[in-house]
Amino acid sequence: MQRNELLKVLEVAGAAIGRSDILPALSHLWFDGESVSAFDDNVGITVPCKFPIKGGVKGQMLLGMVTKTKTTADVDVVVAGSVATFKIGKRTTVKLPVMP
């Protein structure tokens, strides 16, 4: 998926990312292979998004990485066990834990 496409999707869903880690699941973006969702205990948002992850990743970390990277390259992700490695272009790589 192109970085710009993913950014648009994450910005919409990201409006419902919880800002506290009291309940960790609320601070995550949840992927199911067909969509991405977020819920902050008041508002829930689901956006269509074909992305090869099933589970939750820290929403602000992923959104921050995609926002700050200026390339238009594809975002590649490899999930190994409970860790997702996101790579954008040649220079930006981040590993995030995946909640089931």
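Colleague: Leaving aside its neighbours within four places in sequence, which residues is Ser-35 in contact with?

Modeller: A word on the basis first: this is a predicted model, in which local features need pLDDT of at least 70 and side-chain atom pairs count only at pLDDT 80 or more, while totals for chains, interfaces and linings use all residues. Residues are numbered from 1 along each chain as its sequence is written, and side-chain values use heavy atoms, with hydrogens and water left out. Contact means heavy atoms within 4.5 Å. With those neighbours set aside, Ser-35 touches Trp-30, Thr-46, Val-47, Pro-48 and Cys-49. Ser-35 itself belongs to strand β2; strands (E, at least two residues) and helices (H or I, at least four) are DSSP runs, numbered from the N terminus.

Colleague: Is Ser-35 buried or exposed?

Modeller: Buried means under 20% relative accessible area, exposed over 50%, and partly exposed in between, with a 1.4 Å probe and protein chains only. Ser-35 counts as buried because its relative accessibility is 11%. By contrast, Asp-41 is exposed, since its relative accessible area is 53%.

Colleague: Where is Asp-41 found, and what is its phi?

Modeller: Most residues other than glycine have a negative phi. Asp-41, in the loop between β2 and β3, has a positive phi near 80°.

Colleague: How does one check the span of helix α1?

Modeller: The expected span is 1.5 Å times one less than the number of residues. Helix α1 (residues 3-14) has 12 residues and should therefore span 16 Å; its end C-alpha atoms are 15 Å apart, which agrees. Its buried residues are Arg-3, Leu-6, Leu-7, Val-9, Leu-10, Ala-13 and Gly-14. The elements that cover them include β1 (28-32), α2 (59-68) and β5 (75-80).

Colleague: What is the strand order in the open sheet of 3 strands?

Modeller: Strands of a sheet pair through backbone hydrogen bonds, either parallel or antiparallel. Here two strands count as paired if DSSP finds at least two bridges between them. The order is β5-β6-β7, with antiparallel pairing. β5 and β7 (92-97) are the edge strands, each pairing on one side only.

Colleague: Over how many bridges do β6 and β7 pair?

Modeller: They pair over 6 bridges, in the antiparallel sense. Ile-88 has Thr-92 of β7 as its bridge partner, and Val-83 stands opposite Pro-97. The two strands form a hairpin with 3 residues between them, and Gly-89 in the turn has a positive phi of about 65°.
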